[in-house]
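Subject: Structure handover

Hello,

Here is the structure I promised to pass on. Please open it alongside this note.

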Amino acid sequence: MQKRISNLPFSGTPEQEQKLNAIIARHKGEKGAIMPCLQEAQEVYGYLPVEVQTMIAKGLEVPLEEVFGVSTFYSQFSLTPKGKYNISVCLGTACYVKGAAGVLDAISKSLGIQPEECTQDGMFSLTACRCVGACGLAPVMTVNDEVYGRLVPEDVEGILEKYKNGNA
Amino acid sequence: MNTVNIKINGMPLSVPAGSTILQAAKSAGIDIPTLCYLKDLNEIGACRMCVVEVKGARSLVASCVYPVNEGMEVFTNTPKVIESRKMTLEMLLSVHNKSCLTCKRSGTCELQALCQELGVEDSTSYEGAMPDSLYDDSTYHLVRDNSKCILCRRCVAACANQHVAVIGPNSRGFDTHIGCMFEQPLANVACVSCGQCIVACPTGALTEKDQCADVLAALNDPTKYVVVQTAPSIRATLGECFGMPVGTNVEGKMVAALRRLGFQKVFDTDFGADLTIMEEANEFIERVQNGGTLPMITSCSPGWVKFCEYYFPELLPNVSSCKSPQQMTGAMIKTWFAEKEGLDPKDIVVVSVMPCTAKKFEIHRDDMDAAGEEIPDTDIVLTTRELGRLIKLCRIDFASLPDEKFDPAMGESTGAAVIFGSTGGVMEAALRTAADTLEGRSVDHIEYEEVRGGAGFKEAVYKIAGMDVKVAVVSGLNNANELLTRVKNGEGGYHFIEIMCCPGGCVNGGGQPIQPSSVRNFTDLRAARAQALYTQDQNMPLRKSHENPLIKKAYDEFLGKPGSHKAHEILHTTYVARSRY
């Protein structure tokens with residue numbers, strides 16, 4: 001699956017930029033500097049939008065396309081921001097046969113976003129992951145560190161409501 | 001030279017140490033097939049077409065990157081080798097858009113040729129899912145159709161070799177595709193339109209934006225007066241479209257073909273090249289005498305100009321304000337020629353045939369409308385390849401055409417203009433005129449050998465009128481980048497620099513006939529094509545731009561003198577700084 005690219009406005013702070021510049025300065029001149037820069041930049045910003053990748057390309061004096069190529073090659077890199085609550089729906093074998101796709105669809109429909117996207121208000125992001133190691137509870141999803149198991153699509157609305165109302 | 005002894009298919013052979021198996025085999029008359037390999041450019045051993053058996057090796061090896069060693073025994077045609085190559089092709093076909101009958105590269109496609117040569121009989125052996133593929137026609141100059149891409153990376157290497165590097169592999173595995181940063185269309189990134197990616201592409205994934213239909217429409221519009229001009233290098237390459245040897249000069253047949261296509265006038269861009277020299281030599285002398293910005297850099301190559309706008313905007317004042325020969329010729333057709341013939345420039349369609357895809361971009365630049373707003377100096381640009389196709393479309397038997405001459409109104413030119421098509425040619429032409437002007441006499445020595453030849457980076461010092469003139473000539477944007485970085489740092493002490501965008505100059509332009517890697521890897525295309533131009537120069541009665549009687553007439557009747565107010569209005573232009581991000 002190709003990675004989704006965020007179309008949400010970039011909201012980096014001067015502090016984050018300062019951190020990124022320090023990261024770039026530390027790795028500049030190293031062979032293979034792009035990868036550690038992307039890793040550390042993602043720790044700072046949570047994701048790797050065009051603004052961040054451009055800063056890396058300029059700073060390391062490498063083509064932006066090369067930076068982008070690396071960022072789309074490795075699954076650990078995200079081009080979309082994470083929401084305040086990141087929902088991860090397991091699509092591993094056990095969860096999948098137990099109907100995880102229906103759960104994912106229900107969340108997607110309710111929030112109006114696709115996997116690898118974030119809601120406009122920055123509250124929820126959605127990802128599809130592989131096995132979280134709780135196959136006995138299939139189908140499983142996590143919201144940040146909270147685990148929900150034995151789900152049916154009808155459960156989705158109630159769970160989301162909890163977070164929307166701040167009762168989580 | 002150190003040699004090593006090897007055996008290929010049982011045949012003993014002595015080859016230079018350090019050769020690859022591919023090169024060694026070639027010297028023994030064995031042509032190992034390749035797809036991703038381009039000499040000096042893309043040596044990544046990725047496609048597995050060139051695999052061979054080496055005695056004692058664990059598995060098949062990629063001969064394009066595998067060096068020979070003493071006592072090595074190589075087998076290039078065993079059943080194991082052939083089966084492997086066939087399987088590679090069948091797997092490529094499993095994700096290939098097999099619309100070969102209607103593909104522009106049919107007949108020149110390397111994948112198609114290999115399938116035929118290796119006897120691939122079933123194109124559906126591994127049929128299954130097809131990846132989503134990108135189609136990008138956002139620019140003026142090219143079309144990317146990734147449904148025909150085999151991911152050989154030749155275009156990526158060609159782009160990086162131009163120091164542009166705006167295309168590369170995105171995503172991974174089944175989704176891997178060649179694209180731009182953040183999946184932007186090519187028009188939104190810092191592409192310089194040089195087309196080196198197109199001539200590197202083995203298949204129909206990259207093609208020029210074809211405008212043959214626009215030309216046909218203009219030719220069949222009775223309200224239009226359709227004129228054509230051909231760049232210096234086209235005569236040295238067009239023959240390749242018709243199977244002639246590389247380096248055949250077909251000027252006469254080319255003119256005959258254009259006349260038969262129905263152009264009302266067949267003009268020579270060489271006229272514009274001579275005119276460029278008049279203006280550029282004058283601009284150079286003025287800069288030298290009046291303390292203007294130096295070094296002055298040539299402006300004939302629109303790919304280079306765009307590169308400068310993106311990568312070295314601070315050096316734009318160094319770039320000559322002269323329009324390129326294409327645009328000068330177009331501008332003179334729509335002003336001087338129109339006036340003389342009593343034509344409304346709005347009714348004239350100027351078609352140019354160029355070795356270059358960046359020319360398709362250049363005609364849309366600002367400040368390229370000498371005859372008035374909304375009247376472009378040049379209307380349609382065809383590459384050499386498109387002209388070849390147009391001649392075939394109109395069923396003209398090229399080989400049997402007589403030799404004809406350009407129309408005299410803008411058909412006379414000099415040897416100086418002819419060599420514009422090769423790296424070093426513009427510099428040499430300018431020096432011939434500058435030397436005569438500064439010395440105030442006709443200088444006999446006109447062959448500036450030091451700036452000739454295929455090297456990417458050349459420099460020389462010439463004594464002209466008591467002054468040491470230091471010049472540099474580069475082709476290929478990696479070389480340009482290296483040179484300009486030095487200029488930017490105040491190094492070099494150059495007075496005059498010629499830059500051509502494509503490695504080797506226009507003879508190796510992105511619009512030139514595509515030679516398959518099997519030819520390109522073992523033939524010096526640039527040298528053979530350039531030789532045709534230098535030979536013509538040598539045989540011409542007039543070899544200095546300012547001696548062209550037509551140029552004298554243009555200044556006497558119309559422009560005044562080089563650098564005049566009118567010349568500036570018609571023959572000069574402006575540049576803009578562009579952002580790379």
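Predicted model: local features only at pLDDT ≥ 70, side-chain atom pairs only at ≥ 80, totals over all residues.

**Chain A overall**

Chain A holds seven helices and five strands. Read from the N terminus, their order is α-α-α-α-β-α-α-β-β-β-β-α. Along the principal axes, the C-alpha atoms of chain A fill a box of roughly 50 × 35 × 20 Å. The chain has 168 residues, and 30% of them are buried. Take the contacts in chain A with a separation of 6 or more: 65% of these join residues 24 or more positions apart.

Chain A splits into two domains. Domain 1 covers 14-73, and domain 2 covers 85-164. Their centres, taken over C-alpha atoms, are 30 Å apart.

**Helices 1 and 2 of chain A**

Look next at helix 1 (residues 14-27) and helix 2 (residues 34-45) of chain A. Their axes lie 10 Å apart, and the packing angle is about 165°. The cut-off for roughly antiparallel is over 145 degrees, so helix 1 of chain A counts as roughly antiparallel to helix 2 of chain A. The crossing of these two helices of chain A is right-handed.

Which residues meet there? Helix 1 of chain A brings Gln16(A), Lys19(A), Leu20(A), Ile23(A), Ile24(A) and His27(A). Helix 2 of chain A answers with Pro36(A), Cys37(A), Glu40(A), Ala41(A), Val44(A) and Tyr45(A). By class, this contact has eight nonpolar, two polar and two charged residues.

**Where chain A touches chain B**

The interface pairs 14 residues of chain A with 14 residues of chain B. On the chain A side, the elements giving two or more residues are helix 3 (50-60) and helix 4 (64-73). Helix 4 of chain A supplies the largest share of that side, with seven residues. The chain A side divides into seven nonpolar, four polar and three charged residues.

**Glu183(B)**

Glu183(B) sits in the loop between strand 9 (177-179) and helix 5 (196-200) of chain B. Being buried would take 20 or more.

Which residues does Glu183(B) contact, leaving aside its neighbours within four places in sequence? They are Ile5(A) and Asn170(B).

**Arg486(B)**

Arg486(B) belongs to helix 16 (residues 477-488) of chain B. Arg486(B) also counts as partly exposed, because 14 C-beta neighbours lie inside 10 Å. A residue with 12 or fewer would be exposed.

Setting aside neighbours within four places in sequence, Arg486(B) is in contact with Glu491(B) and Gly492(B). From Arg486(B) to Ser413(B), the C-alpha atoms are 36 Å apart, and the two residues are 73 residues apart along the chain.

Best wishes

Terms used. Residues numbered from 1 in each chain as written. Chains lettered and ligands numbered in written order. Contact = placed C-beta atoms within 7 Å. Helix = DSSP H or I, 4+ residues; strand = E, 2+ residues; numbered from the N terminus. Nonpolar A, V, L, I, M, F, W, Y, C, P; charged D, E, K, R; others polar. Domains from an automatic or database assignment. Axes fitted to C-alpha atoms, helices over the stretch in contact; angles between N-to-C directions. Parallel < 35°, antiparallel > 145°, perpendicular 65-115°, else oblique. Left-handed = near helix turned anticlockwise from the far one by under 90°.
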